Amino acid sequence: MIPFDFDYYAPETTGEAFNCYAKLSKAGKRPVWYAGGTELISMARVGSRTFGAVVDLKGVPDCTRLAAERGRIVLGAALTLTEIARSGLFPLLGSTAARIADHTIQGKITLGGNLAGTIQYRESALPLLLCGARAHVMTAGGVEKRPFSQVFSGRLHLEEGEFLAAVDVPEREAALPHCHAKRTRQDKIDYPLVTLCAVRDGGSVRCAVSGYGSAPLLVPAQALAGGAAVCGELAGEAADSLSGSGAYKRFVLENMVGQALANLGVK
Amino acid sequence: MNTQLGVSVKRKEARDKVTGAAKYTADLSQTPLLHVRILASTQAHALLLGVDAAAASAMPGVRAVVTGTDAGQLLCGGILRDMPPLARDRVRYFGEPVALVVAEEAQQAMAAAAAIQVRYSPLSPVTTIEEALVPDPVLVHENLGSYQRMEADIYPRPGTNLFHAVKVRKGDMERGWALSDETVEGTFHLPQSDHAAMETRAVRCSISPGGVIDITTASQSPFEVRELISRYFDVPQGMVAVHVPLVGGAFGGKAAVQLEVLAVLASRAVDGACVSLVNSREQDMATSPCHMGMRAELKLGARRTGEITAARMVFHLNAGAYADISPKLAKAVAVDCSGPYRFPNIDCDSFGVYTNAPYATSYRGFGHAELFFCLERMMDKLADALGMDPFELRAVNALKEGDLTATQVKATRSNMGDLVCCLDRLKSLINWSEGARIQEPGGLIRAKGMACLCKTSDTPTDASAAATVSFLPDGTVALNCAAVEIGPGIRTAMAQILAETLRMDVGRVYVNMEVDTQTAPYYWKTVASMTTYMMGRAVRAAALDARRQLLALGAVAMRCPEEDLEVENERVYLKADPLMFAAFRDLATGYKYGNGNAVGGPVIGRGSYVMDHLTLLDKDTGKGKAGRSWTLGAQAVEVEYDPAQHTYRLLKAATVLDAGKVLNPKTARGVVMGGMSMGLGLATREEFVQAPGGVEGATSFRTYKMLRIGEEPEYLVDFVETPQVDAPFGARGIAEHGVIGMPAALANAVAKAAGVDIEELPVTPELIWRKKGRP
């Protein structure tokens, strides 16, 4: 149960949403962007987050687009993880999404929510970081397409009042040979100890991990080239968490990188 | 008439439960109803400098704010009265109730609770057993010596964090060590964890203008609720009415009396209006009592041939901030410290220890899953050291008829059962002969581990039960008893015992699912796997009493001596000519002659049972009888281990219990499987994790992990039937036992697979990696 009252807005266009949020903000209503609600509801019921209004993006068509057009795959930020996994358009993102939380919750969590939320793992960022994604950011001047890596480092960095409407990735990169692996403390359904995504593009491999550090991060190319020494390169990033100690994560990551390289046919 | 036992009778409440129609405490509608919210401590250990409720009291809908001072000097506790219902002067665990808000709507109560200002002055928290035991420790209770003891055999040590100590001394330790060729040692650590019943704890309470305190609660102990509320609030027991509808899982966690006291305080603050207090999942984990932790040091000595000659054991139970039932847990661990084995020489100490953690209460197995984790790991270590097969080592040491248990009770086939038979059955069930560690193609390792278990009841020496049997005018039968239906189908089992005794169809026996202390005869509480035995005996006695009355009335009706009559199929009939009979419906409310005259009157059978021959334990040696019998068995787990990653998968879990007599095969299998699943949860993942400062880190299912469908192994369950001669139809209690050996069996399997020693739970891949020496 949420112990406080708040207003609910359901805009139907990106512009309407942007203006709605701005107006609420100005009126001191402390609005929040809303999509799946899994995190906001959980936080509100335990008293760790309050807000005066929610602006629900699920009714904004731009936020629920799911299409392949002009060589790029466009994924609306309000698509659920289930919808993304079922679409099959971006297999690496689909595999990643299908291992976030559990089956029921995947039908609620949205791509944008997973990227913008406070839970640090944000695993759906990994495929986007690896595959040349662009972020469609709604700003005062309309939707701007920016390189994903420019708006996401560890977490989504947008100006107050802006929101992520969609992402796109080149079809070619979405179809690259790839692998996804998730290791947890013990359970199939849990926050990641380490989640790893990797793609092979010609002779080179790109790899990103979540859970290992305090935020999703790209594994530097020179670290990958080092093979087993990867953990040396990233040692400083390993963070203790309820899932496991930093030292153990180093061991796990080393195994996972070795396995990923083997799966992608790289020595 | 076919027997009503040994057949899978559908539980009486099945249809209501599977259709969702069954009502639990929080489902009952009552208007008007006020809502209570607990404000819980954010500190594990702190002085409570002030609770300012001014702002909260002025918020919309708020009817009252209750704080520790409103409870006067009241201290609660069934054994040691050490717990203020709401924190006063200091808080002793993260999650401890500090204040209550009573409001018209639940969300108003929540919002107002958040507006209460609490000023703390943090104290250094005692977060581990080791910290609790240092010389000159931080004291969780500075006034331990002043607390009222409700029972004679409790021994707190003021100036320390020890609130109880139990000693077991048997035989001659020096001689025992001298006779040993091999010794093994171990130091074990087990975390606290949660019961995680599907239904969180919930209570309703009102106080009538006449002063009757009316409580509806999800409890295993309705009569103890009545007794304690009467004592705490100084009202006669007759002025306390306790109702318990169906309970959605309890596992020992609903034996403790906590929310009921808070609900009375809340109702009292609003002139007796009906209040509802329902735990959120987070509060059920952090605020209500949990499953104890433990630290233990064990040393075993044995001859080359496997016979154990000496056992030294020290158990420290992490009971958290308040003693609750933990003195009895310490006793239970001591009583069964040698398991189902013949240890001639024993030196065992079992202590209840305070820490600044959530306080513990009973949990399925009552200390035995923890005890047997330690003991059965030790047995495997000893088997390794001696080069013996683990099954063989256990069989060699199995208690034989006439041997003495740790507290010097003589073992018989009836009170103990047949361990060797269980071991043999388990061996084939788990296919032990193919080997305990098998290298699979692809580099994986399949390994098996096993463990024995046993448990006696550890009830009060005078625990008792009663039941009545009455007849409906249509000749069917109604059973009235206060065994709470917490999930295992116990009220159906009672109906079976009644039906079997009257030789009638169990489908014609009615047993309502709610317990009401105003109308049900007394029952101690629904715990300790004792309902089949205690309530079963009372029900059987009540049925026999009713049968006697039916025979007497039948003799009148049929004008013959009683001994010529028999009872079956709802008839009292002439043995010589079964077609000459009086039906139950003709006798149930009295027998009427043809001319209208009547004799007899409604038949009511009554039955009572009180535990007999039990004694307190001797303070210095532990000698004494803590239970009438044991249920023993053996369990095994098979895992598939990945030596590269140190991960493993559960393949199979097997249990063979000596059930005495299986009353209802499918519910028996279900209750044992449920226990096994819980045991595997403890073994593999469940734990409370305290962050620095004693703040609980896992108080929701986001981070407190439980076994899910898909992670469950294949369950294999079998029973041996060595009757307990004094039990109803020979049936032993089996409700808890599935949990007990699982952690040890799992740890033994992983230890075998990975080649490491395991002395702590849960067994995570990280633990194995650490034990492997962090390669």
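Analyst: Happy to. Let us begin with α6(B), which has 12 residues and reaches 16 Å from its first C-alpha to its last, close to the 16 Å expected at 1.5 Å a residue. That expected span is 1.5 Å times one less than the number of residues in the helix. Helices (H or I, at least four residues) and strands (E, at least two) are DSSP runs, numbered from the N terminus.

Before going on, a word on the model: it is predicted, and local features need pLDDT of at least 70, side-chain atom pairs count only at pLDDT 80 or more, while totals for chains, interfaces and linings use all residues. Residues are numbered from 1 along each chain as its sequence is written, and chains are lettered from A and ligands numbered from 1 in the order in which they are written.

Back to the helix. In α6(B), the buried residues are B:Pro222, B:Phe223, B:Val225, B:Arg226, B:Ile229 and B:Tyr232. Here a residue is buried if 20 or more other C-beta atoms lie within 10 Å of its own, exposed if 12 or fewer, and partly exposed in between, with C-beta atoms placed from the backbone. The cover over these buried residues includes β10 (213-217), β11, α7 (259-269) and β23 (515-516) of chain B. Just after α6(B) comes B:Asp234, with a positive phi of about 55°.

Domain 1 takes in 32-123 + 197-250 + 254-286, domain 2 takes in 290-399 + 407-459 + 615-771, and domain 3 is 463-610. The centres of domain 1 of chain B and domain 3 of chain B, taken over C-alpha atoms, are separated by 40 Å. Their contact takes 16 residues from domain 1 of chain B and 17 residues from domain 3 of chain B; two residues are in contact if their C-beta atoms, placed from the backbone, lie within 7 Å. On the side of domain 1 of chain B that touches domain 3 of chain B, the elements giving two or more residues are α6 (222-233) and β11 (240-244) of chain B. That side divides into 10 nonpolar, four polar and two charged residues. In this count Ala, Val, Leu, Ile, Met, Phe, Trp, Tyr, Cys and Pro are nonpolar, Asp, Glu, Lys and Arg are charged, and the others, Gly among them, are polar.

Elsewhere in chain B, B:Thr200 is found in the loop between β8 (182-190) and β9 (202-207). B:Thr200 counts as buried because it has 23 C-beta neighbours inside 10 Å. Leaving aside neighbours within four places in sequence, B:Thr200 is in contact with B:Val278, B:Asn279, B:Ser280, B:Arg281 and B:Asp284. B:Thr200 and B:Thr25 are 175 residues apart along the chain, and their C-alpha atoms are separated by 9.9 Å.

B:Arg503 follows α14(B) and has a positive phi, near 50°. The other helix, α15 (residues 531-558) of chain B, has 28 residues that should span 40 Å at 1.5 Å a residue, and its end C-alpha atoms are 38 Å apart, which agrees. After α15(B) comes B:Arg559, whose phi is also positive, near 50°.

Now for the nonpolar core, a set of buried Ala, Val, Leu, Ile, Met, Phe, Trp, Tyr and Cys residues joined through C-beta atoms within 7 Å. The largest one has 338 residues, and those with the most contacts inside it are B:Val101, B:Met494, B:Leu498 and B:Val750. α15(B) gives the most to this core, with 12 residues. Leaving aside neighbours within four places in sequence, B:Val750 is in contact with B:Val639, B:Tyr641, B:Tyr648, B:Ile758, B:Val763 and B:Ile768.

Finally, chain A. Its domain assignment gives domain 1 (1-172) and domain 2 (176-261), with 25 Å between their centres, taken over C-alpha atoms. The contact between these domains takes 19 residues from domain 1 of chain A and 18 residues from domain 2 of chain A. As for the two chains, their contact takes 19 residues from chain A and 23 residues from chain B.

Technical notes:
Domain bounds come from an automatic or database domain assignment.
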